[in-house]
Amino acid sequence: MEIRICCPSYHRDIVKSFDFFGDLLKVYVCETEYDNYIKHNPKFKDNFIKMKKGVQGNVSRVRNYILDDCFKNGCDVCCIVDDDMSYIGYYEDKTIHKLEKEDILPFIAKYSLLCKEFGFYLWGVNLNSDKQCYREYSPFSTTSCILGPFSCHLAGGDVRYDEGLPLKEDYDLAIAHLNKHRGILRVNKYHYVCEQSTNKGGCATYRNIEREKEQLGKLQQKWGKDIVKLDSNDRSHNKVKRKVVDYNPVINVPIKGI
């Protein structure tokens with residue numbers, strides 16, 4: 001099985017994900033930033049791939065570029081990760097364990113085969129490291145979203161990112177897969193840890209509250225407010241409705257599955 005682990009990077013000199021993936025990682029950068037990335041990551045100078053000027057600036061366009069580049073070169077699985085990922089881990093004996101580098105490719109191959117057997121073309125892992133999300137009695141989900149920090153795409157699928165939704169592209173892609181293929185494989189045992197909104201560069205260069213609100217509105221317009229819902233729940237257990245809206249939506253899809 002041919003597996004490529006890729007990540008887009010934009011205006012970030014240091015690619016933190018190299019600390020976890022090492023030389024398994026291929027980083028796609030704009031040709032105008034290529035030399036600067038080499039300068040700051042000399043150990044991995046052969047792991048950078050140039051993209052022509054004009055591709056960067058829209059993460060959906062970049063992700064589509066990566067998928068097309070991988071599959072036209074014969075990849076069976078294109079794994080796209082964020083450039084600030086710390087690790088992929090799991091709980092055992094009440095302790096978080098991190099995947100070792102030598103286990104990363106077998107891990108991706110194992111669950112890619114399972115995803116294929118399900119008849120799906122997209123799989124991922126839990127969205128955060130909270131033990132409450134572990135779901136001991138549901139090792140797999142088939143109707144839950146997986147998001148951009150870690151997503152594995154199988155060859156043969158033709159669903160692509162919506163370039164009109166560069167801040168909600170991963171939610172949109174998940175819904176599109178659920179709609180077309182009736183499922184996504186999510187492996188609930190494992191989770192990823194990354195910095196996301198605390199990091200400079202990347203989507204942070206054009207993300208603000210107004211843009212988030214506008215993008216959420218477009219996502220709701222595309223799929224409907226019964227599927228894309230505002231998250232206004234309070235999780236502090238004080239039973240008071242939260243005043244600040246989380247612009248990361250709650251996704252409820254009306255299809256069978258777990």
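Leaving aside neighbours within four places in sequence, threonine 142 is in contact (heavy atoms within 4.5 Å) with Phe118, Phe120, Leu178, Gly183, Ile184, Gly257 and Ile258. This is a predicted model, in which local features need pLDDT of at least 70 and side-chain atom pairs count only at pLDDT 80 or more, while totals for chains, interfaces and linings use all residues. Residues are numbered from 1 along each chain as its sequence is written, and side-chain values use heavy atoms, with hydrogens and water left out.

**Threonine 142**
- Threonine 142 is found in the loop between strand E8 (140-141) and strand E9 (150-154), where strands (E, at least two residues) and helices (H or I, at least four) are DSSP runs numbered from the N terminus.
- With 10% relative accessibility, threonine 142 counts as buried, a term that means under 20% relative accessible area, whereas exposed means over 50% and partly exposed lies in between (1.4 Å probe, protein chains only).

**Aromatic pairs**
- Rings of Phe, Tyr and Trp (its six-membered ring) pair if their centres lie within 6.5 Å, and planes under 30 degrees apart count as stacked, over 60 as edge-to-face and the rest as tilted.
- By this rule the count comes to 15 aromatic pairs.
- The rings of tyrosine 111 and tryptophan 123 have centres 5.8 Å apart and planes at 50°, so this pair is tilted.
- Because tyrosine 111 lies in helix H4 (residues 101-118) and tryptophan 123 in strand E7 (residues 122-126), the pair ties together parts that are 12 residues apart in sequence.
- Tyrosine 111 counts as buried at 8% relative accessibility, and tryptophan 123 is buried with a relative accessible area of 0%.
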